[in-house]
Amino acid sequence: MTTWFLADPHFFHASPDKPDGIIRLAGRPFATGREMNEAMAANIRAMVRREDDLIIVGDFAHRTGDPQALRKFFDSLPGRKTLVIGNHDGPQTQALPWADMKDILYANVETTKLVLCHYPMLSWMGSRKSSTLQLYGHHHGKLRGNQQSCDIGVDVLGFAPVRLSTIKAHMATLPPRVDPEDSDQFDLGGVQP
């Protein structure tokens with residue numbers, strides 16, 4: 001069994017026959033929404049096995065208008081799928097038969113403690129331990145992150161699921177984390193203690 005990660009695929013967040021929506025907003029290299037959906041789904045099917053875990057770190061789909069099409073698409077993807085809820089994961093997406101669904105997911109993958117949230121955090125449980133990583137999406141590569149917390153969205157790591165080893169290799173290229181609480185000095189905004 002392998003654990004795979006994917007954030008911000010935004011399935012159905014573009015017209016089937018034109019490059020609008022998320023394709024335009026995030027500068028994705030697809031001609032149409034149909035092409036985007038099919039390419040990412042093909043990548044998932046090529047990598048993820050039925051017995052694998054696939055953790056979606058938010059924004060799986062964007063208001064399709066057709067719950068049956070969304071369900072058929074969801075069912076076509078392999079793996080035990082977990083959703084970390086994102087801002088575009090509305091009632092249709094949340095109604096899908098996820099293995100698990102959380103606002104924040106605490107997981108231990110390959111002996112690494114993870115805190116997964118669609119949104120980045122400045123501090124999280126275990127953030128003072130360099131072995132606890134916080135993974136997020138939402139920013140489509142506009143918020144770079146650091147060696148302990150980074151955007152793992154498809155617009156950053158590619159339009160396919162990734163393993164933790166790929167995420168760690170990416171994080172190693174980022175600047176070290178600066179802990180805002182790692183000091184005996186506190187800025188009280190001019191207020192004297």
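Is Arg28 buried or exposed, and what is its relative accessible area? Arg28 is buried, at a relative accessible area of 5%, where buried means under 20%, exposed over 50%, and partly exposed in between, computed with a 1.4 Å probe and protein chains only.

Before I continue, a word on the basis of these values. This is a predicted model, in which local features need pLDDT of at least 70 and side-chain atom pairs count only at pLDDT 80 or more, while totals for chains, interfaces and linings use all residues. Residues are numbered from 1 along each chain as its sequence is written, and side-chain values use heavy atoms, with hydrogens and water left out.

Side chains of opposite charge can pair when their charged atoms come close. The criterion here is a side-chain nitrogen of Lys or Arg within 4 Å of a carboxyl oxygen of Asp or Glu, and the whole structure contains 7 such salt bridges. In one of them, Arg28 meets Asp155 at 2.8 Å, N to O. Arg28 is in the loop between helix H1 (22–26) and helix H2 (33–47), and Asp155 is in helix H5 (residues 154–157), so the pair ties together parts 127 residues apart in sequence. Helices (H or I, at least four residues) and strands (E, at least two) are DSSP runs, numbered from the N terminus. Asp155 counts as partly exposed because its relative accessibility is 23%.

Another salt bridge joins Asp53 and Arg80, at 3.0 Å from N to O. Asp53 belongs to strand S2 and Arg80 to strand S3 (residues 80–84), so this pair ties together parts 27 residues apart in sequence. Asp53 is buried at 18% relative accessibility, whereas Arg80 is partly exposed at 36%. There is also a salt bridge between Glu51 and Arg49, at 3.2 Å, N to O. Glu51 is partly exposed, with a relative accessible area of 40%, and Arg49 is partly exposed, with a relative accessible area of 40%. Arg49 and Glu51 are linked with Asp52 in a network of salt bridges.

Strand S2 brings me to the strand pairing. Strand S2 (residues 53–56) runs parallel to S1, and 4 bridges join them; two strands pair if DSSP finds at least two bridges between them. Within this pairing, Leu54 in S2 is opposite Trp4. Which residues cover the two faces of strand S1 (residues 3–6)? Thr3 and Phe5 lie on one side, Trp4 and Leu6 on the other, and all are buried.

I now come to the aromatic residues. A pair of aromatic rings is described by the distance of the centres and the angle of the planes. Rings of Phe, Tyr and Trp (its six-membered ring) pair if their centres lie within 6.5 Å, with planes under 30 degrees apart counted as stacked, over 60 as edge-to-face and the rest as tilted. The count is 8 aromatic pairs. In the pair of Phe60 and Phe73, the centres are 6.5 Å apart and the planes at 45 degrees, so the pair is tilted. Phe60 is in the loop between S2 and helix H3 (67–75), and Phe73 is in helix H3, 13 residues apart. Phe60 is buried at 1% relative accessibility, and Phe73 is buried with a relative accessible area of 12%. Phe60 also pairs with Phe74: the ring centres are 6.1 Å apart and the planes at 85 degrees, so this pair is edge-to-face. Phe74 is in helix H3, 14 residues from Phe60, and both Phe60 and Phe74 are buried.

The charged end of Lys81 sits over the ring of Phe74, 4.5 Å from its centre; the rule requires NZ of Lys or CZ of Arg within 6 Å of the ring centre and within 35 degrees of the ring normal. The charged end of Arg177 likewise sits over the ring of Trp124, 4.8 Å from its centre.

Finally, two backbone details. Most residues other than glycine have a negative phi, and most peptide bonds are trans. Phe12, in the loop between S1 and H1, has a positive phi near 70 degrees. Glu110, in the loop between S5 and strand S6 (112–117), has a positive phi of about 50 degrees. Phe12 is partly exposed, at 24% relative accessible area, and Glu110 is partly exposed at 42% relative accessibility.
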